[in-house]
Amino acid sequence: MLKVQVSNESHSGILYLVATPIGNLQDLSPRAQQVLMSVDLIAAEDTRNTRKLLTHFQMSTPMISYHEHNEKKQCQPLLQRLIEGQSIALVSDAGMPGISDPGEEIVKEALKNDIPVVPIPGPNAALSALIASGLKSQPHLFLGFLPRGSSQRKKELKRWMTTPATLILYEAPHRLTDLLEDMLNIWGDRKIAIARELTKKYEEWLRGSIGECLNYIRKKGTRGEYTLIVEGASEESRLQWWNTISIDEHVHHYIQNGWMKKEAIGQVAKDRGLPKREVYQVYHKQQAAYRESEA
Ligand code: SAM
């Protein structure tokens, strides 16, 4: 059902999603300051962190903690306040709430309860890195953090390896080399821009190929916060994207994307210029081997 939101006609409070600096405090917009000052309550991912921001701007708005571990529990009391007419600003530790940060849950619940949700735009590491990366800004796909475990991470990298859009990723410094190694193996030596410590004193950019960045990082080590912007799959690699995977992985790829087994086998045969019967045999032989090894 279509719902129309006109914020200043609402009798309930407003849920503001306020973007906060990703390093440089001067990036807190005047409008964000005004909202943070005037709301009844700030729901903050880490109240100690946000306290520093409020102190810098001489604000003393009451705060409550709202983070990934208490998101479910805190949602209802916050909704109750909004229903009663209080306004709440949601902030994360840095950047935009809801972008690899808590926010989605309360937004969904607020909308279910017809509470206006208003974004207060501002800093965001992903888009800041994208616009200065030198790579195509449209189309782009924000992947955020990939899974921590190696096999899950590789699976995700395979999932996006034929995507022509520029890819945006976040990664923690201690996992960056592993991620780049897996990217190089699965996506090939594509162009990449790595933004470190955006808006901070030691902001640094690496622009080159994945292999070049990997060599540099292996020598220099990692420190601080990183956002990665990676060139999408080229037309050529998209046509032959399956070059680096086995026949059964190739079939599996289509099955995971919702194809029926028969269709997947047919498409693999077409992609590789092989008879269907050959793909069928290789696939079933491999499946039987898996079953045997698991028994
Ligand atoms: N909500 C935030 C946003 O809008 O950008 C992102 C939060 S996420 C938990 C934190 C990750 O964002 C970091 O691990 C890093 O990958 C990226 N990031 C945050 N600040 C950054 C900065 N100053 N420079 C580069 N990357 C940054």
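Student: Where does P139 lie?

Tutor: P139 lies in the loop between α5 and β6, names that count from the N terminus along DSSP runs, a helix being H or I over at least four residues and a strand being E over at least two. The model is predicted, so local features need pLDDT of at least 70 and side-chain atom pairs count only at pLDDT 80 or more, whereas totals for chains, interfaces and linings use all residues. Residues are numbered from 1 along each chain as its sequence is written, and side-chain values use heavy atoms, with hydrogens and water left out.

Student: Which peptide bond is cis, with what omega?

Tutor: The bond from Q138 to P139 is cis, with omega near -10 degrees.

Student: What is phi of Q58 near, and where does Q58 lie?

Tutor: Phi of Q58 is near 55 degrees, which is a positive value in a residue other than glycine, and Q58 lies in the loop between α2 and β3.

Student: Why are α6 and α7 called oblique to each other?

Tutor: The axes of α6 (residues 150–159) and α7 (residues 176–187) come within 10 Å and cross at roughly 40 degrees, where axes are lines fitted to C-alpha atoms, for helices over the stretch in contact, and angles run from 0 to 180 degrees between N-to-C directions. Angles under 35 degrees count as roughly parallel, over 145 as roughly antiparallel, 65 to 115 as roughly perpendicular and the rest as oblique, and α6 and α7 are therefore oblique. Their crossing is right-handed; a crossing is left-handed if the near helix is turned anticlockwise from the far one by less than a right angle, and right-handed if clockwise.

Student: Which residues in α6 and α7 meet?

Tutor: R153, K154, L157 and K158 in α6 meet D178, L179, D182, M183, I186 and W187 in α7, contact meaning heavy atoms within 4.5 Å. By class, this contact of α6 with α7 has 5 nonpolar, no polar and 5 charged residues. Here Ala, Val, Leu, Ile, Met, Phe, Trp, Tyr, Cys and Pro count as nonpolar, Asp, Glu, Lys and Arg as charged, and the others, Gly among them, as polar.

Student: What makes α7 and α8 roughly antiparallel?

Tutor: Their axes come within 10 Å and cross at roughly 155 degrees, and α7 and α8 therefore fall in the roughly antiparallel class. The crossing of α7 and α8 is left-handed. The contact joins L176, T177, L180, E181, M183 and L184 of α7 to I210, G211, L214, I217 and R218 of α8, and its residues divide into 7 nonpolar, 2 polar and 2 charged.

Student: Why do β6 and β9 stand at the edges of their sheet?

Tutor: The open sheet has 5 strands in the order β6-β7-β10-β8-β9, with mixed pairing, two strands being paired if DSSP finds at least two bridges between them. β6 (140–145) and β9 (204–209) each have a single partner strand, so one side of each is left without a neighbour in the sheet. The twist averages 15 degrees from one strand to the next.

Student: How do you know that β7 and β10 pair, and over how many bridges?

Tutor: Strand β7 (residues 166–171) and strand β10 (residues 226–230) pair in the antiparallel sense over 5 bridges, which meets the requirement for pairing. One of the bridges joins Y170 to its partner T227 in β10. Helix α8 (residues 210–220) lies across β8, β9 and β10, running at about 135 degrees to β9.

Student: What is the order of the strands in the open sheet where the pairing is parallel?

Tutor: That open sheet has 5 strands in the order β3-β2-β4-β1-β5. β3 (63–65) and β5 (117–120) stand at the edges, each with a single partner strand, so one side of each lacks a neighbour in the sheet. Strand β1 (residues 15–18) pairs with β5 in the parallel sense over 4 bridges, and the bridge partner of V18 in β5 is I120.
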